[in-house]
Amino acid sequence: MQYWLLTWTLYGTWLPGDPRGSVASVLRGPGPRRERDGYREPFEPPMPGLQATSAGNQTFPTAALQPDLAPPLLDQFRQTAHLRAWRLEAAAIMVDHVHVVVGIPDDCRPEEALRDLKAYGSRRLNALTGTVRHWWTRRGSRRLLRDARAVEGAVNYVLRQKSPLLVWRNGRNADEPPG
C-alpha cells in the first residue's frame with residue numbers, strides 16, 4: 001500500500017495565477033508546460049494576468065462548500081475508501097479545497113483515487129443540493145508519501161488547516177486525542 005496526500009480545489013476558487021500561489025500548468029518561454037506539484041516544489045508565483053484570463057475562461061459558475069455539506073461529503077469519502085479497500089487517514093474540507101491522506105493498493109494509481117473521491121463526492125453533493133453542477137477543478141495534486149514520517153507529516157498538515165469546515169483523522173474528530 002502506498003500513501004498519498006491528495007488535494008483538489010472547488011471549481012473557480014483557486015485559479016492559476018492566484019495571489020496565494022498555485023499548482024498550475026504554466027508555459028514559461030519555449031518548450032513544454034511545467035506542472036508544479038512535486039514534493040517540496042514551490043508554487044507558481046502570483047500572476048494577476050493569468051488569474052484574470054483564467055476567470056474569464058470559466059465555463060461553469062464558481063463552486064463553494066457550505067458548512068452543512070462537509071459532514072456528508074466526508075461520509076462519502078469514507079464510504080468510497082471502504083468500498084475500494086483504501087485506508088483514509090485524514091481529511092480536511094474547506095470552503096474552497098479538500099485535502100485527504102489516503103493509502104491505496106499498489107495496483108491503484110493515485111489519479112484513480114482522486115477521480116473516484118471527486119466523482120462520488122459530486123454525486124453526494126448533487127443529491128444534497130438538488131442540483132447538478134460542476135463542483136471540482138479538472139485535476140488535483142497527488143503527492144506520494146514515501147515513509148511513515150511523511151505520512152504523519154501530511155496528516156499533521158491536513159489537521160492544521162486554517163478555517164476548515166471539517167477536519168477528521170482515523171474515525172476521530174481532529175480535536176480528540178489519538179486513541
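The accessible surface of the protein, computed by the Shrake-Rupley method with a 1.4 Å probe, comes to about 10,000 Å², of which carbon and sulfur atoms contribute 53%. The structure is a predicted model, in which local features need pLDDT of at least 70 and side-chain atom pairs count only at pLDDT 80 or more, while totals for chains, interfaces and linings use all residues. Residues are numbered from 1 along each chain as its sequence is written, and side-chain values use heavy atoms, with hydrogens and water left out.

Of the 179 residues in the protein, 45% are buried, a term that denotes under 20% relative accessible area, with exposed standing for over 50% and partly exposed for values in between (1.4 Å probe, protein chains only). The secondary structure consists of 4 helices and 8 strands; these are DSSP runs numbered from the N terminus, with helices (H or I) of at least four residues and strands (E) of at least two. The elements follow the order β-β-β-α-α-β-β-α-β-α-β-β from the N terminus on. Among contacts (heavy atoms within 4.5 Å) with a separation of 6 or more, 69% join residues 24 or more positions apart.

A pair of aromatic rings is described by the distance of the centres and the angle of the planes. Rings of Phe, Tyr and Trp (its six-membered ring) are paired if their centres lie within 6.5 Å; planes under 30 degrees apart are stacked, those over 60 edge-to-face, and the rest tilted. By this rule, the protein contains 3 aromatic pairs. The pair of Trp8 and Trp136 is edge-to-face, because the ring centres lie 5.8 Å apart and the planes stand at 85 degrees. Trp8 belongs to strand 1 (residues 2-9) and Trp136 to the loop between helix 3 (110-129) and strand 6 (141-145), so the pair ties together parts that are 128 residues apart in sequence. Both Trp8 and Trp136 are buried.

Tyr11 and Phe60 form another edge-to-face pair, with 5.6 Å from centre to centre and 80 degrees between the planes. Tyr11 lies in the loop between strand 1 and strand 2 (25-26), and Phe60, 49 residues apart from it, in the loop between helix 1 (48-56) and helix 2 (70-84). Tyr11 counts as buried because its relative accessibility is 13%, whereas Phe60, at 38%, counts as partly exposed. Ring pairs also join Trp8, Phe77 and Trp136 into a cluster.

Charged groups also sit over rings, a placement that requires NZ of Lys or CZ of Arg within 6 Å of the ring centre and within 35 degrees of the ring normal. Arg20 lies over the face of Trp14, 3.7 Å from the ring centre. The charged end of Arg123 is placed over the ring of Tyr120, at 4.9 Å from its centre.
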